[in-house]
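Below is a short note on the model, point by point, for your own check against the coordinates.

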Amino acid sequence: MDVYTAANLANWNDRAELHATDTTGSYRIDKVLAGGSSLHELETREIGDVSGKHIVHLQCHIGLDTLSLKHLGAASVTGLDFSSKALAAARDFAARAGTKARFVEASIYDAPRALGETYDMAFVTWGAINWLDDIRAWARAVAGVLKPGGRLYLLDGHPQMLQYEARNGRLELEYGWRTPMAEPLHWDDAQTYTGDERPVKNGLHYEWIHPIGDVVNALITAGMSIDFLNEHEIVVWRAFPDLVEAGEDQFVLPAGMPRIPMSFSIGATRKGP
Ligand SMILES: C[S@@+](CC[C@H](N)C(=O)[O-])C[C@H]1O[C@@H](n2cnc3c(N)ncnc32)[C@H](O)[C@@H]1O
């Protein structure tokens, strides 16, 4: 395992333990344990009816969205993540909710082999591709876990938003639009992003900004056709301190600040056979 992945894994194992015992409400644990859904209004609307679908949730973290997809009517749900701590929490939540789900520990790049089956839908949301150095390999993995005609739903932070840092009430352009694979951005955060004040022991982590053109072209090259590409003014975490709430767990830039896209979503279909 390379140094960047090893650092990210240590970081995610720490965060998973904090998020699994979250008391900030960020993860909607009680709602999912009661048979409800942790999905936001945006992704619930964009994925449409999931009834009867066999769904894989890639980078599933502590499995709450995975279980939610089953609660929304999926025929089966499988979550994949590289963090053993996240998956231990996911399995515990599944047992407590009484929801059948399969959880597989693997690198995203190894997903087709590790899963050993293909799906009607791959669900990938909120804070996924920024952790990955190789967007082309990611797209091949996505295509590899889908049946012909199977669909990807991707919803993530917009790369334009990721280029900025907030300082003195303004957004300042800080990072380049395309992070080179061998020169990741890095941060060493003492706490996680939920507002939880408990410390993260392994705070160092590495991230990559992928332009939307690279994501789209990687999917096309991997054998996917693009069904839609949407850009949104909302994001579901407080990406900048001055963001204001606009709906449940949704944030937008404050009035008077020029708007930039804060998130984007892509629907894509695996061409067959
Ligand atoms: C922000 S979380 C995703 C949250 C997700 N939307 C959810 O349902 O909670 C990012 C996840 O990506 C996982 N991850 C990061 N790099 C990975 C990799 N190379 N392979 C597999 N999982 C990875 C982390 O363990 C973490 O659980």
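1. Helix 7 itself spans residues 135-144, and its buried residues are Ile135, Trp138, Ala139, Ala141, Val142 and Ala143. This is a predicted model, and local features are considered only at pLDDT of at least 70.

2. Val215, Ala218 and Leu219 are buried in helix 9. Viewed down the helix axis, these buried residues fall within an arc of 95°, so they line one face of helix 9. An α-helix has 3.6 residues a turn, so residues three or four places apart point the same way. The buried residues of helix 9 pack against helix 7, strand 10 and strand 13. On the face turned away from the buried side are the exposed residues Gly213 and Thr221. Gly223 follows helix 9 and has a positive phi, near 100°.

3. Helix 4 is mostly covered, with eight of its eight residues buried. Just after helix 4, Gly73 takes a positive phi of about 120°.

4. How do helix 4 and helix 5 pack? Helix 4 (residues 64-71) and helix 5 (residues 84-97) lie at an angle of about 35°, and their axes are 9 Å apart. The crossing of helix 4 past helix 5 is right-handed. On the helix 4 side, Leu64, Thr66 and Leu67 make the contact, and they meet Ala90, Phe93, Ala94 and Ala97 of helix 5. By class, the residues of this contact are six nonpolar, one polar and no charged.

5. The ligand is surrounded by 19 residues, of which the closest are Trp12, Gln59, His61, Phe82 and Gly127. Helix 1 (residues 3-20) supplies the largest share of this shell, three residues. Sorted by class, the shell holds nine nonpolar, eight polar and two charged residues.

6. Gln59, listed among the closest residues to the ligand, has a positive phi of about 55° although it is not a glycine. Gln59 sits in the loop between strand 1 (54-58) and helix 4. Is Gln59 buried or exposed? With 23 other C-beta atoms within 10 Å, against a cut-off of 20 or more, Gln59 is buried.

7. Asn168 is also not a glycine, and its phi is positive, about 50°. Asn168 is placed in the loop between strand 6 (164-167) and strand 7 (170-173). Asn168 has 5 C-beta neighbours inside 10 Å and the limit for exposed is 12 or fewer, so Asn168 counts as exposed.

8. Glu17 is found in helix 1. Glu17 has 18 C-beta neighbours inside 10 Å and therefore counts as partly exposed. Between the C-alpha atoms of Glu17 and Leu219 the separation is 33 Å, and the two residues are 202 residues apart along the chain. Leu219 is one of the buried residues of helix 9.

Methods: Residues are numbered from 1 along each chain as its sequence is written. This is a predicted model: local features need pLDDT of at least 70, side-chain atom pairs count only at pLDDT 80 or more; totals for chains, interfaces and linings use all residues. Helices (H or I, at least four residues) and strands (E, at least two) are DSSP runs, numbered from the N terminus. Axes are lines fitted to C-alpha atoms, for helices over the stretch in contact, and angles run from 0 to 180 degrees between N-to-C directions. A crossing is left-handed if the near helix is turned anticlockwise from the far one by less than a right angle, and right-handed if clockwise. Two residues are in contact if their C-beta atoms, placed from the backbone, lie within 7 Å. Ala, Val, Leu, Ile, Met, Phe, Trp, Tyr, Cys and Pro count as nonpolar, Asp, Glu, Lys and Arg as charged, and the others, Gly among them, as polar. A residue is near a molecule or strand if its C-beta atom, placed from the backbone, lies within 6 Å of it. The arc is that of the directions from the helix axis to the C-beta atoms.
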